[in-house]
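User: I'd like to learn how to read a strand and its partners. Could you walk me through it?

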Amino acid sequence: SIFVVFSFTPVLFTNEYAYGESKKQNDAREADSNTKIQEVYKHFDGLHSFIVGNPETGEIYFGDKTTKKVPIASISKLMTYLLVMEAIDNGEISQSGNVVISKEAEETSYSYGVIGLREGMKTPIADLIEAILIPSSNEAAVALACHVSGSEAEFVNLMNKRAKELGLKNTHFYTASGLPTNLEEDENMLPSQYLEIENHSSAEDLFKLASFILKKYPEITKITSKKNITLDQFYFTSRNTNGLVQKDDRVDGLKTGYTSGAGRCLICTRTEEPDFNDAPKNMRTMVVLMGASSVQERDEKIEELLNLGEGFFQARQRHIIAPMSSLKIPGNITPMSPKEKKEENKKSFIIKIVEFAVSIVIAIILLIL
């Protein structure tokens, strides 16, 4: 017996030693990984916030300060676009019709405009939609708002109502264009003060909004992927404010924004090209980046985040890594009729009974074992 016990002693010590060495190596790798993660976040620490993920699934790869309320400037025009398209779908306005330019739009054109709109002028709605998405025309946003709701103020009420319906809890609008209500901003204002005069949201809310628009109106990328546009009526030509579409053909959207309070902002989408078989096709990576100090910093950090997101996407598909956190992307749910609700409740009740029965059977099997 003594011989048997001591004959196994070296093995036990060896196994214990191997386990200790393995644990040390794992701890070292984990510490190294955590250090690298901290370095990445430190690199992007100067931004107001950012988030990277898959707009088709709602899966979030990584982000920082994702629920923080921040000014969003002209990114607001995505909500303006959404409401205009929904008004067309509902038959409230015609997609092929003209917009009669309002006095409000003309006044915006004089102060903070990029194209010359004059009261009473008739302009194709398609031109104004392109104008809000590519050169980010403030006056075009006001013209569309007045066309849909009669006034910008009424349209803003509609924007906030829609934000609530979509579950955008950190979002509030004051204007259809993203211009501050006080155009004489003080550069020394506190961040909280900007929220009192500027449209604001969070990176998470904007990810939800942009993902919802891409699902409902995927044709938006046919506009936002254009390198430039020409509006013949105004003798106006402009490059896309999203400079990344000039550099990368896979970048197809989505919207820029800038005020002194918001900094340089961009929601950027890029299609992915998996390099292995049986991978989903035409998937996208989306980055919401808020508060860069310059266009150069914005574009450089967007590219870095897109590439990190692409690497994560490839790893997820290759190695079937467990899903990270996911956002519930709002959907178009038609209200159920009373009869449908009754049937749904009936199905739910049956499912609960089946689940309960299965749990009882499993419990009995476990007791027997």
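Analyst: Strands here are DSSP runs of E with at least two residues, numbered from the N terminus, and two strands pair if DSSP finds at least two bridges between them. This is a predicted model, where local features need pLDDT of at least 70, side-chain atom pairs count only at pLDDT 80 or more, and totals for chains, interfaces and linings use all residues. Residues are numbered from 1 along each chain as its sequence is written, and side-chain values use heavy atoms, leaving out hydrogens and water.

User: How many bridges join β1 to β2?

Analyst: Four, and β1 and β2 (residues 60-64) run antiparallel. Their hairpin has six residues between the strands, and there G58 takes a positive phi near 85°.

User: Which residue in β11 stands opposite S49?

Analyst: That's M290. β1 pairs with β11 (residues 284-292) in the antiparallel sense, over five bridges.

User: Is β1 mostly covered or uncovered?

Analyst: Buried means under 20% relative accessible area, exposed over 50%, and partly exposed in between (1.4 Å probe, protein chains only). In β1 (residues 49-53), five of five residues are buried. S49, I51 and G53 point one way, F50 and V52 the other way.

User: And what does the protein's pLDDT average?

Analyst: pLDDT is the predictor's confidence in each residue, from 0 to 100. The protein averages 84, and 74% of the residues score at least 70.
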